[in-house]
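These are my notebook entries on a single structure. I record what I looked up, entry by entry.

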Amino acid sequence: MTDTLSKPPTYTADPAPQRAFYIFAAVFGLCAVAIASYFALAAYFLRTEAAQTPERAQFFASSIDDALTRLEHLPYVLSIDESTLGALVSGNTDEMNPILADIAERAGAEFVYVLDLNGKTVASSNYRDPDSLVGNYYTFRPYFRDAVAGGAGRFYAVGVTTGRPGYFIAEPVRDAEGTIQGVVTVKIGFNDLSRALSGNGELVLVADEQGVVLASSDPDLIYGYMSPLSDGNRRTLEEQQQFGNETLFPLDWVPESERRARLYGTAYVWTKANLEEENWSLHLLSEVRNSRRQALLYVAGGLMTLLLLTVAASVYRAAQLRNALAISNADRQRLTREIEERRIAEKKLESARTELAQKEQLAALGQLSASITHELGQPISAMRNYLVAEEIAANAGPNELWPRLSGLLDRMQRIVDQLRLFGRTSVSATTIFTVQDTVHAAVQLVQHTARDAGTDIILELPEGAVAVRGRPERFEQVIVNLLRNAIDATQGMDAAEVRLAMSEEADSVMLSVADNGTGLGDLSIDDLSKPFFSTKPSGKGMGLGLAISGQIINEMQGTLSAQNASLRGAVFEIRLPKIGSADA
């Protein structure tokens with residue numbers, strides 16, 4: 001009997017502890033990456049901020065320089081003005097007060113004033129104010145002493161009289177021999193400058209050579225000094241009364257390096273720029289915590305993005321199976337939808353065809369209705385004119401109006417008969433008629449309209465009868481339409497007139513209707529002859545007159561043209577083939 005060695009039992013590790021270990025390692029690694037990213041981004045944003053601030057600081061410094069030099073020419077111009085010198089020499093300076101007030105208002109200066117050699121203000125732009133500078137002495141101000149010494153004085157100070165800070169620019173007033181007779185001073189207010197600095201969202205300080213803050217985006221920091229003041233500096237400030245009654249106080253300012261500083265415990269990226277006009281410095285401070293906050297937001301955004309991607313990957317993986325199962329159903333539904341869309345499209349196409357046919361029918365009916373309205377409008381208007389004329393005529397005899405109205409009714413009947421034949425291809429018979437008779441009939445129809453519009457109608461017709469072939473009532477319609485258009489064009493004009501002239505040539509007759517109205521502008525006869533095209537206001541015309549007139553002249557084998565007159569107005573010309581007088 002042989003002994004057999006059995007294999008040792010094998011054990012399978014529990015996956016739960018391994019999964020927990022992997023999750024812990026992933027979370028720990030993610031936290032380490034997030035922390036490292038935060039410090040790296042914070043350092044990057046700090047470097048970026050430090051690289052960008054010098055340019056902004058220099059911009060602010062240049063803006064302050066521009067504000068200080070904005071009015072530097074004004075005291076010099078006033079110092080060389082003869083009226084300033086004359087007032088100082090004569091002592092009659094009261095007349096300068098309103099002049100200085102007007103100059104200060106127009107130039108945007110806080111004060112403009114003149115001092116004599118004793119430092120007394122003899123004229124000032126604020127002479128009307130309770131705190132007027134007139135009569136005050138300013139011999140203690142450096143700008144006065146510099147100007148009296150022959151130079152240009154510049155000085156920042158808080159006004160002793162007004163208590164408002166400002167920048168003073170002074171120039172000496174010299175006579176013809178060069179002797180100084182006084183000083184002209186301009187004060188530029190500093191409150192507006194501080195308000196302008198506060199609108200940029202950053203902390204800005206403007207300090208003088210002694211470190212005293214003169215302007216700031218934070219008003220609470222003004223008159224604070226960034227470095228301790230020596231006893232000599234304090235005595236100088238007291239003698240010059242530079243800051244008036246304002247109390248100077250030390251700022252909790254701690255420079256940490258060339259680009260880093262702390263103000264009242266807050267860390268800032270510090271950028272310094274020097275001004276060109278004064279020995280002043282501008283300090284631009286950007287909080288360090290802004291860069292850190294930005295880095296934190298980037299890290300938080302990255303973590304949130306990673307979390308969203310993880311969730312999205314899980315959702316995508318779970319949705320893959322559902323998408324695979326739904327593909328066949330989606331294909332069947334898409335095919336069914338396409339078939340239905342095709343059926344709907346065919347129905348819409350058929351409906352569009354039917355609607356197009358209806359629109360064509362309506363368009364034909366609209367044109368026919370417009371033609372009827374236009375054709376019947378002229379005789380109806382003429383009937384109205386006859387009735388009005390009959391009512392206002394004091395010596396009208398009985399039954400004088402009825403023959404005229406009967407003739408118009410006959411013409412309306414002929415128009416209706418013509419419209420009944422609108423669809424036929426045959427052309428109605430034409431006759432030979434005398435042009436002068438038709439013209440006189442047309443003028444009689446529009447005479448009342450011309451009289452109401454204040455327009456004179458002048459006829460220049462040959463004495464001998466001139467005949468043409470056509471339908472006289474339709475040719476009369478053309479003349480009436482041209483005359484009415486000319487009357488409308490001259491309405492409101494001075495000495496308005498419409499001139500209808502006719503002349504004969506070898507084988508043709510030419511009629512012209514000229515007016516001194518508004519003219520055609522850039523329009524041509526082709527533009528005016530388009531159906532429904534009208535230059536008249538809404539309700540004054542349908543735009544069919546010239547279109548119908550052109551058709552009528554074409555039927556008579558003639559031409560209709562139009563052009564602007566040489567001086568003013570327009571000229572419409574009709575040229576027709578002439579019929580011999582014997583035939584007429």
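Which residue stands opposite Pro255 in β11? I found Ala261 in that place. I note that the model is predicted, that local features need pLDDT of at least 70 and side-chain atom pairs pLDDT 80 or more, and that totals for chains, interfaces and linings use all residues. Residues are numbered from 1 along each chain as its sequence is written, and side-chain values use heavy atoms, with hydrogens and water left out.

I looked up the pairing of β10 with β11 (residues 260–263), which is antiparallel over three bridges. Strands here are DSSP runs of E with at least two residues, helices are runs of H or I with at least four, and both are numbered from the N terminus; two strands pair if DSSP finds at least two bridges between them. Both strands belong to an open, antiparallel sheet of six, ordered β7-β6-β13-β12-β11-β10. At its edges I find β7 (213–216) and β10 (253–255), each of which pairs on one side only.

Entry on β18, β19 and β20. Strand β20 (residues 570–577) pairs with β18 (residues 508–515) in the antiparallel sense over seven bridges. I located Phe572 in β20 as the bridge partner of Val513. Strand β19 (residues 559–564) also pairs with β20 in the antiparallel sense, over six bridges, and Gln563 stands opposite Val571 in β20. I read β19 and β20 as a hairpin with five residues between the strands. In the turn, Gly569 has a positive phi of about 95 degrees.

Entry on aromatic rings. I counted 12 aromatic pairs, taking rings of Phe, Tyr and Trp (its six-membered ring) with centres within 6.5 Å; planes under 30 degrees apart count as stacked, over 60 as edge-to-face and the rest as tilted. Tyr143 and Phe168 form a stacked pair, 5.1 Å centre to centre with 5 degrees between the planes. This pair links distant parts of the chain, 25 residues apart: Tyr143 lies in helix α5 (residues 142–148) and Phe168 in strand β4 (residues 165–174).

Buried means under 20% relative accessible area, exposed over 50%, and partly exposed in between (1.4 Å probe, protein chains only).

I also recorded one aromatic cluster, formed by Tyr156, Tyr167, Phe190, Tyr223, Phe243 and Trp280.

Last entry. Met304 lies in helix α8 (residues 288–392) and is partly exposed, with a relative accessible area of 46%.
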